[in-house]
Amino acid sequence: MLVVAIIALLLGIVGPTLGGRISGTRLESCARQMARFVDLVRSEAVVQGRFFYLVYGVEKGRYWYERPEPGEDPDAPRLRIEKILPAEVKIREVILGESESVYLSDASIEVNPLGTMGTHRVVLESGGRALVVRVPPFGGRTVVEAWSEP
């Protein structure tokens, strides 16, 4: 009985701390996965010598790339590879350039065959914590950083 009481006490103290760490770890994992995905899309555009579109579905909690076929009708279906964020991780906003924020709709970024794209940042949040995935315009690695309000 005493052992059960001690375990219950420890779970009451340690449990909430572990929950926060798990959610923080999930946020970091999602941010790193997004950064690798962006770098992959950039590399594929260069290797294939084609335009790609990197799209963030802010309200949908997902992001994807689209690859149009050369000379295709702009309204035709495109190859689309999609990633879905866990329910507890949200895209808070996408910041295009230095200041234009997208909060509610899809943000589409063109990636050209040279691997360049518009600079942008994606703010991910979970459990009151936020990280930013910063995408440089002219190559270089996409990085994950702590987010601080401007």
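Predicted model: local features only at pLDDT ≥ 70, side-chain atom pairs only at ≥ 80, totals over all residues.

Trainee: What joins the strands of a sheet, and in which senses can they pair?

Mentor: Strands of a sheet are paired by hydrogen bonds of the backbone, in either a parallel or an antiparallel sense. Here, an open sheet of five strands has the order β5-β4-β7-β8-β9, and its pairing is antiparallel. Its edge strands are β5 (100-102) and β9 (143-146), each of which pairs on one side only. On average, neighbouring strands of this sheet are turned by 25° against each other, with direction ignored.

Trainee: How many bridges join β4 to β7, and how many join β4 to β5?

Mentor: Strand β4 (residues 90-96) is joined to strand β7 (residues 120-126) by six bridges, and the two run antiparallel. The antiparallel pairing of β4 with β5 has three bridges.

Trainee: Which residues stand opposite I95 in β7 and in β5?

Mentor: I95 faces R121 in β7 and S101 in β5. The hairpin of β4 and β5 has three residues between its strands, and G97 takes a positive phi near 65° there.

Trainee: What is the strand order in the open sheet of four strands?

Mentor: The order of that sheet is β3-β2-β1-β6, again with antiparallel pairing. At its edges are β3 (79-84) and β6 (106-111), each pairing on one side only. Its twist averages 15° from one strand to the next. Strand β1 (residues 52-57) and β6 run antiparallel and are joined by six bridges; V55 stands opposite S108 of β6.

Trainee: Let us turn to a loop. Where is T142 placed, and is this residue buried or exposed?

Mentor: T142 lies in the loop between β8 and β9. The residue counts as buried because its relative accessibility is 8%, and the cut-off for buried is under 20%.

Trainee: Which side chain forms a polar contact with that of T142, and which residues does T142 touch?

Mentor: The side chains of T142 and D39 are joined by a polar contact of 2.7 Å. Leaving aside residues up to four places away in sequence, T142 touches A35, V38, D39, R42, V133, R134, V135 and P136.

Conventions
Residues numbered from 1 in each chain as written. Heavy atoms only, no water. Pairing = 2+ DSSP bridges. Axes fitted to C-alpha atoms, helices over the stretch in contact; angles between N-to-C directions. Buried < 20%, exposed > 50% of the residue type's maximum accessible area, 1.4 Å probe, protein only. Polar contact = N/O pair within 3.5 Å; in protein donor to acceptor, adjacent residues only side chain to side chain. Contact = heavy atoms within 4.5 Å.
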